[in-house]
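Welcome! Please take a moment to look over the sequence and the structure, and then read on for a short tour.

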Amino acid sequence: SKRQEYLYLSDEAIRILQKYAKEKPRPFKFTQDQLRHRYQKCCDAAKVDSTIHDLRRTCGARLIEKGVDIFRVSKFLRHSSVKVTQEHYVDLLPDDYSHIADTIQV
């Protein structure tokens, strides 16, 4: 059996899903294979070379670039450890530590 996992959604996404939850049939019942297949069809039509996992990597990169700390990004992406997240996004982590030093007040 598969374990239950949670999907983190914005307030806007929740509002949209709640709106459609009242309609029958619900449009959001699908398998991962169906999602991959539909995404691939869209990419093929747009002549874009991409996978669903590329969207996940982009999400992680955008979060890091926006300053979300690595621990929260790791939890959001459900990586097995922060080390896994660091390995994937090490090039995007800030390396200018002067802003940290500026926060220290004597």
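## A charged pair to start with

Let us begin with a pair of side chains: Asp69 and Arg72 meet in a salt bridge, with 2.5 Å from N to O. Asp69 is partly exposed, because its relative accessible area is 29%. Arg72, by contrast, counts as exposed, because its relative accessibility is 58%. Please keep in mind that this is a predicted model.

## The chain as a whole

The secondary structure of the chain comes to six helices and zero strands. Read from the N terminus on, the elements run α-α-α-α-α-α.

How much of the chain is made up of buried residues? Of the 106 residues in the chain, buried ones make up 12%.

As a general point, side chains of opposite charge can pair when their charged atoms come close.

Another of these pairs is found in helix α1, where Glu12 forms a salt bridge with Arg15. The closest N and O atoms of Glu12 and Arg15 are 2.7 Å apart. Along the helix, Glu12 and Arg15 are three residues apart, about one turn. Glu12 counts as partly exposed because its relative accessibility is 43%, and Arg15 is partly exposed with a relative accessible area of 45%.

Helix α3 holds a further pair, Asp54 and Arg57. Their side chains meet in a salt bridge, at 2.3 Å from N to O. Asp54 and Arg57 are three residues apart in helix α3, so about one helical turn separates them. Asp54 is partly exposed, with a relative accessible area of 22%, and Arg57 counts as partly exposed at 38% relative accessibility.

Now look at helix α3, residues 52–65, and helix α4, residues 70–77. How do their axes cross? The two axes come within 10 Å and cross at roughly 160°. That angle makes α3 roughly antiparallel to α4, because angles over 145 degrees count as roughly antiparallel. The crossing of α3 and α4 is right-handed.

## Positive phi in the loops

Lys47 is found in the loop between α2, residues 32–46, and α3. Its phi is near 55°, a positive value in a residue other than glycine. Is Lys47 buried or exposed? Lys47 counts as exposed, because its relative accessibility is 78%.

Arg78 has its place in the loop between α4 and α5, the latter being residues 82–89. The phi of Arg78 is near 60°, which is again a positive value in a residue other than glycine. Arg78 is partly exposed, because its relative accessible area is 37%.

Leu17 is found in helix α1, residues 11–21. Leu17 is partly exposed, with a relative accessible area of 31%, so it passes the cut-off of over 30% that patch residues need.

Terms used. Residues are numbered from 1 along each chain as its sequence is written. This is a predicted model: local features need pLDDT of at least 70, side-chain atom pairs count only at pLDDT 80 or more; totals for chains, interfaces and linings use all residues. Side-chain values use heavy atoms; hydrogens and water are left out. Helices (H or I, at least four residues) and strands (E, at least two) are DSSP runs, numbered from the N terminus. Buried means under 20% relative accessible area, exposed over 50%, partly exposed in between (1.4 Å probe, protein chains only). Axes are lines fitted to C-alpha atoms, for helices over the stretch in contact, and angles run from 0 to 180 degrees between N-to-C directions. Angles under 35 degrees count as roughly parallel, over 145 as roughly antiparallel, 65 to 115 as roughly perpendicular and the rest as oblique. A crossing is left-handed if the near helix is turned anticlockwise from the far one by less than a right angle, and right-handed if clockwise. A salt bridge is a side-chain nitrogen of Lys or Arg within 4 Å of a carboxyl oxygen of Asp or Glu.
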